[in-house]
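Keep the structure open beside the text as you read.

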Amino acid sequence: MFATIYLPNFYLQSALRHQPKLRAQPVSLIDASEKKVTIIQLNDVAEKAGVRKGMAPSQALARCLRVVIKTRERAQENVIAEILLQHSFMLSPWVEATGPGLCTIQFTDDRDLIPKVSRVIEKLAKCGLTGQAGIAALSDASFFAAHLARPVLQIDNVNDFLAPLPIETLALSNATGLCSTNIR
């Protein structure tokens, strides 16, 4: 069995971790090191106000004057990635940092996985991080389950789970490079 722990909007969570008051406001994130600076992540409040990924910061401000535009915090991202990794190791010694805000965990003992994984999600919340997790017999399926979990979802029949998913959801694995994971 596998579990994937996923921190949605990882870069944005990293930038806002020590500013919890901003979470209730419209916030978007840019990567100032890019040649063309655009919004790369945003919270639900900003999205509801009309801000979208790929917009220039000036376009985001035109849609919502209250939007706070933050810059990626790479040092904080490294700290959060380490916190995620350490919490994942609480579950098993077989852990892979699969991508930004993603850890895949392999289990040899699959008893009581939902309560175990739920405790780790709760511990991450105490660190100011929002996480969700998927559990499945295949690592790729646990990845998809993590994206749909609220906060933990265990998949018992992978085929029944994957069959109704739209093709856009399945494209997530290519976007994150998940299909190249070493844990299988």
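In helix α6, the buried residues are S139, D140, A141, S142, F143, F144, A145, A146 and H147. Here buried means under 20% relative accessible area, exposed means over 50%, and partly exposed is in between, with a 1.4 Å probe and protein chains only. Because 9 of the 10 residues of α6 are buried, this helix is largely enclosed by the rest of the structure. Helices (H or I, at least four residues) and strands (E, at least two) are DSSP runs, numbered from the N terminus.

A word on the ground rules: this is a predicted model, where local features need pLDDT of at least 70 and side-chain atom pairs count only at pLDDT 80 or more, while totals for chains, interfaces and linings use all residues. Residues are numbered from 1 along each chain as its sequence is written, and side-chain values use heavy atoms, with hydrogens and water left out.

**The chain as a whole**

The protein chain has 9 helices and 8 strands. Its radius of gyration is 17 Å, close to the 16 Å that the globule rule gives for 184 residues, so the chain is as compact as a globular protein of that length. That radius is taken over C-alpha atoms, and the globule rule is 2.2 Å times the number of residues to the power 0.38. Along the principal axes, the C-alpha trace spans about 50 × 35 × 30 Å. Of the 184 residues, 47% are buried. Among contacts (heavy atoms within 4.5 Å) with a separation of 6 or more, 56% are between residues 24 or more positions apart. The chain exposes about 9800 Å², and carbon and sulfur atoms supply 53% of that area; accessible areas come from the Shrake-Rupley method with a 1.4 Å probe, and for residues only the protein chains shown count as cover.

**Two helices with a buried side**

The expected span of a helix is 1.5 Å times one less than its number of residues. Helix α4 (residues 74–88) has 15 residues and should span 21 Å; its end C-alpha atoms are 21 Å apart, which agrees. The buried residues of α4 are Q76, E77, I80, I83, L84, H87 and S88. They cover an arc of only 135° around the axis, which puts them on the same side of α4; the arc is that of the directions from the helix axis to the C-beta atoms. The face turned away from that buried side carries the exposed residues A75 and N78. What do the buried residues of α4 pack against? Their partners are β1 (2–6), α1 (10–16), β5 (94–99), β6 (102–106) and α5 (113–126).

Helix α5 has 14 residues and reaches 20 Å from its first C-alpha to its last, close to the expected 20 Å. Its buried residues are L113, V117, S118, V120, I121 and L124. These cover an arc of only 160° around the axis, which puts them on the same side of α5. On the other side of α5, E122 and K126 are exposed. The buried residues of α5 pack against β1, α4, β7 and β8.

**The cores**

A nonpolar core is a set of buried Ala, Val, Leu, Ile, Met, Phe, Trp, Tyr and Cys residues joined through side-chain atoms within 4.5 Å. The largest has 21 residues, and those with the most contacts inside it are I5, V117 and L124. At least two residues of this core come from each of β1, α4, β6, α5 and β7 (132–136), and α5 gives the most, with 5 residues. Leaving aside neighbours within four places in sequence, V117 is in contact with A3, L91, F107, A133, I135 and V152. A second, separate core of 12 residues includes A141, F144, A145 and F161.

T104 is found in strand β6 and is buried, with a relative accessible area of 0%. T104 and I135 are 31 residues apart in sequence and 9.7 Å apart in space, C-alpha to C-alpha.

**Backbone details**

| Residue | Phi |
|---|---|
| N9 | about 50° |
| D112 | near 55° |
| G128 | near 85° |

N9 is found in the loop between β1 and α1 and counts as partly exposed, at 27% relative accessibility. D112 lies in the loop between β6 and α5 and is exposed, with a relative accessible area of 56%. G128 follows α5. Finally, a cis peptide bond joins R150 and P151, with omega about -5°, and P151 lies in the loop between α6 (139–148) and β8 (152–154).
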